[in-house]
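Some labels given to parts of a protein model rest on a value set against a cut-off.

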Amino acid sequence: MMISSNRVDDGQGTIWLNDVDCSGSETKLQNCSHSIETSQCHHYEDVGVHCFLSCPAEENEGRLRFITSSVENIGRLEINYRGEWGTICSNSFGHAEAAVACRQLGYCSGQMIPYQYIDDGNGTIWLDRIDCSGSEHKLINCTNSIDTSHCRHSYDAGVKCYISCPAEEDEGRLRFITSSVENRGRLEINYRGEWGTICSNSFGHVEAAVACRQLGYCSGQMIPYQYIDDGNGTIWLDRIDCSGSEHKLINCTYSIDTSHCRHSYDAGVKCYISCPAEADEGRLRFITGSVDNIGRLEINYRGEWGTICSNSFGHVEAAVACRQLGYCSGQMIPYQYIDDGNGTIWLDRIDCSGSEHKLINCTYSIDTSHCRHSYDAGVKCYISCPVEADEGRLRFITGSVDNIGRLEINYRGEWGTICSNSFGHVEAAVACRQLGYWCVLH
C-alpha cells in the first residue's frame with residue numbers, strides 16, 4: 001500500500017517520474033502511464049510504499065477482533081487486512097457499522113463507542129470512512145477508504161457488542177424514573193436489551209405525548225432537562241421526531257448517534273392523569289384582584305389550569321379571549337401589572353386573526369420552556385362596547401376656557417385619554433373639526 005509522503009524520509013538527486021497511473025495488471029511500474037515532467041516536484045513529496053510479507057486467503061480477509069480491557073464485550077476494534085492486524089479510523093464510524101462488526105464477531109448487535117473512551121492502538125491503521133447499510137455480514141463488505149494518511153491512533157474505532165438483544169415485541173419499552181410525583185420524571189427506553197436514557201435535543205411536547213400514551217396515560221408534555229435528575233448508563237436515542245400519531249416512541253424517526261449528548265440533557269416528561277373532553281378543551285378564566293374584569297388570564301388545557309405567556313400576546317388576542325369569556329371585547333394588560341401565576345405555563349406565541357370564537361383556535365406554540373410566570377398574560381375585558389356609530393366620540397375636559405383643554409375619546413365603550421406622542425397640529429385640526437370647530441390655528 002502507499003505510505004503518505006510525510007511518513008517517508010526525503011530523498012535526494014533526480015526525481016524521475018510524476019503522475020504515475022496504473023491499471024493494476026502491469027508487471028513493471030514503468031509500464032504504467034507516467035510523466036517525466038517533475039520540475040514542480042520536491043523531495044518532501046517522495047513516494048513511499050508498505051509491501052505485505054504475506055497476503056491472507058480470501059476467506060480470511062477482514063477478520064475482526066476485540067482488544068478489550070476489563071469488560072469482554074467493549075473495546076478497540078481491529079481488522080486483519082492483507083495479512084496484518086491493524087486498527088480502524090473512527091471517522092464516520094457509527095452505530096450501523098458497529099452493529100455489522102458485532103454480528104460478525106458473533107454478537108446479536110452493538111453500538112459505537114466514542115474514540116475518547118478507547119485505548120490507542122499501534123501499527124497500521126487500515127480502513128477509514130466505513131459506510132454500512134446494516135445488512136452486511138462482514139465489515140469489509142461495507143464501502144470504505146484505505147487512505148488513512150490523515151488518521152491517528154488517538155481516533156481508533158471502538159465498539160460495545162450486546163451480549164443479548166430483546167425480542168422484537170419488547171424493543172422500545174418505556175419507563176419512568178420518578179421522584180415524589182408518580183406521573184413525572186426522567187424517561188428511559190429499553191433498546192437492544194438494555195435500559196438507557198433519551199437525549200432531550202429536539203424532544204418536545206409531541207414526542208412526550210406519544211411516550212405518555214405508550215405508558216398508558218392519555219397524553220403528556222415535555223419537562224425541560226434542567227428539572228430532571230441526571231441518568232446514567234447508555235444514552236440511546238437523539239433527535240426524536242414524531243408526527244403525534246405513533247403508538248410507540250420507537251416508531252418515530254430518531255438518531256442513534258448520541259456521542260455529543262450528556263446525561264445532564266436527559267429527556268423528561270409529565271404525563272396527564274386525565275385529559276378533558278374535546279368540548280372542554282381551552283376554557284378560560286380570570287384571576288382578578290379588586291376589579292372583576294381585569295386580571296391574569298388562565299386556560300384549561302389537557303385537563304389542567306395554567307397560565308399563558310405574554311410573548312406576542314396583544315390586543316387582538318385579548319379581544320378573542322374576552323369574547324370567549326362573555327364580554328364584548330377587551331385589551332391586553334402589560335405583564336408588569338399582573339400578579340404572577342403558578343403551575344404550568346401552557347401556551348406561548350398566540351397569534352389570532354380576531355375572528356376566532358375561542359383562544360385555542362388561534363395559532364400557538366406549546367414550547368414554553370423559556371417562559372416564566374413573571375411574564376403571564378393579562379387582559380382587561382370591556383363591560384360594554386359602543387355601537388359602531390358611537391365608536392370614537394370625542395370630548396373636552398376644559399378649565400376656564402371652553403375651547404381649550406384635555407382631549408378624551410370614547411373607545412370600546414369607555415372614556416379615556418390620548419397620548420401626545422406624535423400628536424401634532426394636523427391631528428388637533430382633525431379632532432377640532434370632529435368637535436364642531438372649523439377655524440383651527442396652525
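Q: What makes Cys-212 and Cys-271 a disulfide?
A: In this predicted model, the sulfur atoms of Cys-212 and Cys-271 are 2.0 Å apart, and because a disulfide is a pair of cysteine sulfur atoms within 2.5 Å, the pair is called a disulfide. A search of the whole structure finds eight disulfides.

Q: Why is the disulfide of Cys-212 and Cys-271 called left-handed?
A: The torsion about the S-S bond of Cys-212 and Cys-271 is about -85°, and therefore the disulfide is described as left-handed.

Q: Which parts does the pair of Cys-212 and Cys-271 tie together?
A: Cys-212 belongs to helix α2 (residues 205-214), whereas Cys-271 belongs to strand β18 (residues 268-272), so the pair ties together parts that are 59 residues apart in sequence. Cys-212 and Cys-271 are both buried.

Q: How do you know that Cys-22 and Cys-32 form a disulfide?
A: The sulfur atoms of Cys-22 and Cys-32 are 2.0 Å apart, which is within the 2.5 Å that the term requires, so the two cysteines count as a disulfide. With 105° about the S-S bond, the link of Cys-22 and Cys-32 is right-handed. Both Cys-22 and Cys-32 lie in the loop between β2 (18-21) and β3 (33-35), ten residues apart.

Q: Why is Cys-22 called partly exposed, and why is Cys-32 called buried?
A: Cys-22 has a relative accessibility of 37%, and since buried means under 20% and exposed means over 50%, with partly exposed in between, Cys-22 counts as partly exposed. Cys-32, by contrast, has a relative accessible area of 3%, which is under 20%, so Cys-32 is buried.

Q: What makes Cys-352 and Cys-362 a disulfide, and why is each of them called buried?
A: The sulfur atoms of Cys-352 and Cys-362 are 2.0 Å apart, within the limit of 2.5 Å, and the link is right-handed, with 100° about the S-S bond. Cys-352 and Cys-362 both lie in the loop between β23 (345-351) and β24 (363-365), ten residues apart. The relative accessibility of Cys-352 is 8% and the relative accessible area of Cys-362 is 4%; because buried means under 20%, Cys-352 counts as buried, and Cys-362 is buried as well.

Q: How do you know that Glu-78 forms a salt bridge with Arg-65?
A: The closest N and O atoms of Glu-78 and Arg-65 are 2.9 Å apart, and because the rule asks for a side-chain nitrogen of Lys or Arg within 4 Å of a carboxyl oxygen of Asp or Glu, the pair is called a salt bridge. Glu-78 lies in strand β6 (residues 74-81) and Arg-65 in strand β5 (residues 63-68), so parts that are 13 residues apart in sequence are tied together. Salt bridges that share partners join Arg-65, Arg-76 and Glu-78 into one network.

Q: Why is Glu-78 called buried, and why is Arg-65 called partly exposed?
A: Glu-78 has a relative accessibility of 5%, which is under 20%, so Glu-78 counts as buried. Arg-65 has a relative accessible area of 31%, which falls between 20% and 50%, and therefore Arg-65 is partly exposed.

Terms used:
Residues numbered from 1 in each chain as written. Predicted model: local features only at pLDDT ≥ 70, side-chain atom pairs only at ≥ 80, totals over all residues. Heavy atoms only, no water. Helix = DSSP H or I, 4+ residues; strand = E, 2+ residues; numbered from the N terminus. Buried < 20%, exposed > 50% of the residue type's maximum accessible area, 1.4 Å probe, protein only.
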